[in-house]
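Please keep the sequence and the three-dimensional view side by side while working through the points.

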Amino acid sequence: MRLRASLSAWRTLSGFGLLLGTLFFCAALLPSLLPRSTLSQGVLAGAALAAGYGVGVFFRWLWRYLGLSEPPERLRSPVNVVIAIICAALAGYFLSQVTGWQNSVRLLMGMAPVTSGHLLEVVLTALTTFLVLLILARIYSLLSGYISRHADRFLPRRVANVLGVLLALALFWSLVSDVLVTQALRALDASFAQYDALIEPESAQPESPLRSGSSESLLRWDELGRTGREYIASGPTAEEIAAVTGRAAQEPIRVYVGLRAAEAPAERARLALRELVRTGAFDRSVLVLVTPTGTGWIDPAAMNTVEYLHDGDIASAALQYSYLNSPLSLLVEAEYGADVARALFAEVYRYWSALPGDQRPRLYLHGLSLGALHSQRSWELHELLGDPFQGALWSGPPFKSELWRRITNDRDPDSPQWRPQFRDGRFVRFMNQHGTPEPPDAPWGPMRLLYLQYASDPITFFDYRYAWRRPDWLSAPRGPDVAPSLRWFPLVTMLQLAVDMAVTTPTPPGFGHVYAPSDYIDAWMTVTEPEGWGEEGLIRLKAHLTQELNAAAEQDSSEAAYDNRGG
């Protein structure tokens with residue numbers, strides 16, 4: 001009976017769908033921007049198999065719907081056997097190449113090679129993913145057919161079929177979005193809220209009055225949130241800066257306002273301004289408005305760097321807008337982060353622009369990932385024409401960044417998408433591991449906007465349109481960290497990059513979405529032009545910050561600020 005049931009299930013499968021699904025499966029095994037874990041590779045391959053099978057089934061239905069001739073029924077089983085043999089041979093060959101393909105990406109990023117692709121686990125995970133998606137698709141088909149048959153009693157057949165498809169789709173969407181997703185988000189929201197409230201033992205309350213949460217601060221230590229406390233408790237002291245630079249240094253000012261400090265963004269922004277005034281931030285040479293990632297995390301590789309470069313004569317301020325990680329925050333409160341970033345900028349800019357030009361700090365913006373997206377939305381060009389701020393450094397801007405996308409699309413046609421050149425470079429520039437396309441001494445305008453991005457960062461270079469369009473960044477010359485074996489395949493490349501964004505093997509600093517201190521040094525040097533730095537001093541600072549980051553990675557959360565990388 002079981003054998004008969006298995007044969008019956010086999011006969012219901014579409015041969016053309018299996019062939020197309022296998023091609024998709026094979027394409028999903030090719031390398032993409034980042035190395036993959038066994039689980040992510042299996043899920044990706046299974047999803048690609050299901051997608052290809054679905055496309056094949058659709059074309060088979062379309063062929064029949066158009067009334068075109070079909071092969072005799074007696075040939076169906078033999079043809080399916082031949083297709084199965086071809087599919088097995090193709091899958092076997094591509095699976096045998098997985099280890100080499102993954103190592104080609106790992107080698108490019110300086111990662112240790114893997115000795116096995118864990119093919120059995122990949123195949124089992126892929127088949128499980130495919131079967132789950134196939135069962136869901138068949139449940140949808142049964143539901144659609146059930147609705148159509150009952151609607152056929154009082155509606156024309158074609159109208160009833162359309163109604164069945166749409167109602168079944170609405171029911172599935174309602175089940176997924178209103179039941180499964182809503183309940184999952186509630187559980188995650190409660191989990192992240194509890195996590196955000198934790199006060200880690202290594203996050204000691206600061207004694208310096210120049211930091212939020214101290215005894216003299218307007219903000220309580222428990223109001224800052226977990227990532228805010230990590231940010232405030234970390235960072236170099238004046239003594240540590242002086243030890244590296246060999247020059248006198250000041251204690252950097254750090255202001256952070258957590259979600260619990262006040263209900264409305266405008267109230268939190270006013271608290272941040274009052275804290276900046278209290279600490280004397282407007283007497284410093286540089287002031288940076290930082291927009292965190294979704295969890296409220298601020299990359300220490302970025303902020304420690306600029307504090308060293310300016311000998312501690314710097315202040316920074318940030319408002320937390322969420323405690324969900326960046327993908328969830330983007331999903332459930334995409335505009336709220338921009339509103340919070342806008343509230344902080346408007347409040348501080350109003351106060352800053354009223355100060356005499358020679359008696360105020362230079363004002364800069366910074367954000368990583370989702371923070372970069374919201375920081376770009378925090379200001380409007382027309383309000384700055386008379387008195388612009390000095391510049392911004394945005395690292396790993398997400399693909400949804402409107403300003404980034406508009407400038408990238410309008411780039412010099414001779415420059416690649418992964419490191420564009422926009423006109424003469426006076427207003428905005430793009431930097432990667434090898435600097436900007438403009439020479440270091442190229443003149444700037446009154447504002448300096450700089451994007452730090454790696455060609456291997458899928459959060460920056462993902463696009464839904466890659467389902468049907470080849471990415472421009474695959475054209476020659478490719479980015480230095482993009483594997484030569486990466487190829488575009490319809491639909492599959494989009495799925496690959498989506499998996500790269502969501503579930504990926506962590507990369508070393510300088511690749512993917514992990515931005516290296518040495519590249520931040522070059523970026524902040526370009527944007528803020530700190531004085532007193534020669535080549536030897538910069539090399540020494542890069543070595544110190546790289547060693548600090550490596551030591552933190554080896555000591556299991558001994559430096560909590562480096563956890564949550566990417567937010």
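1. In this predicted model, residues 75–96 form a span that is 95% helix and 0% strand. Residues 116–137 are 86% helix and 0% strand, with end C-alpha atoms 33 Å apart. UniProt, in an unreviewed entry, places the feature "transmembrane region" at both of these spans and also at residues 12–30, 42–63 and 158–176.

2. The cysteines deserve a separate remark. A disulfide is a covalent bond between the sulfur atoms of two cysteines. A search of the whole structure finds zero disulfides. For Cys-26, the closest cysteine sulfur is that of Cys-87, at 8.1 Å, which is too far for a bond, given that a disulfide requires the two sulfur atoms to lie within 2.5 Å. Cys-87, in turn, is in no disulfide, and its nearest cysteine sulfur is that of Cys-26. Cys-26 is buried, with a relative accessible area of 3%, and Cys-87 is buried as well, at 9%.

3. Strand β3 comprises residues 314–319, and six of its six residues are buried. How are the buried residues of β3 divided between its two sides? Ile-314, Ser-316 and Ala-318 lie on one side, while Ala-315, Ala-317 and Leu-319 lie on the other, and both faces are covered.

4. Which strands pair with β3? Strand β1 (residues 253–257) pairs with β3 in the parallel sense over five bridges; here Ile-253 stands opposite Ala-315. Strand β2 (residues 286–291) also pairs with β3 in the parallel sense, over five bridges. In that pairing, Leu-289 has Ala-317 as its bridge partner. Together with helix α11 (residues 300–309), strands β2 and β3 make a right-handed β-α-β unit.

5. Helix α15 spans residues 402–409, and its buried residues are Leu-403, Trp-404, Ile-407 and Thr-408. These four cover an arc of only 125° around the axis, so they fall on the same side of α15.

6. Most residues other than glycine have a negative phi, and most peptide bonds are trans. Asp-311, in the loop between α11 and β3, has a positive phi, near 55°. With a relative accessibility of 16%, Asp-311 counts as buried. Leu-491 also has a positive phi, near 70°, and lies in the loop between α16 and α17. At 23% relative accessibility, Leu-491 counts as partly exposed; the cut-off for a buried residue is under 20%.

7. Where is the cis peptide bond that involves Pro-477? The bond runs from Ala-476 to Pro-477, and its omega is near -5°. Pro-477 is found in the loop between α16 and α17 (492–502), and Leu-491 lies in that loop too.

Definitions and conventions. Residues numbered from 1 in each chain as written. Predicted model: local features only at pLDDT ≥ 70, side-chain atom pairs only at ≥ 80, totals over all residues. Heavy atoms only, no water. Buried < 20%, exposed > 50% of the residue type's maximum accessible area, 1.4 Å probe, protein only. Arc of directions from axis to C-beta. UniProt positions renumbered as here; feature names shortened; annotations may be inferred. Pairing = 2+ DSSP bridges. Right-handed = clockwise from strand over helix to strand, strands pointing away.
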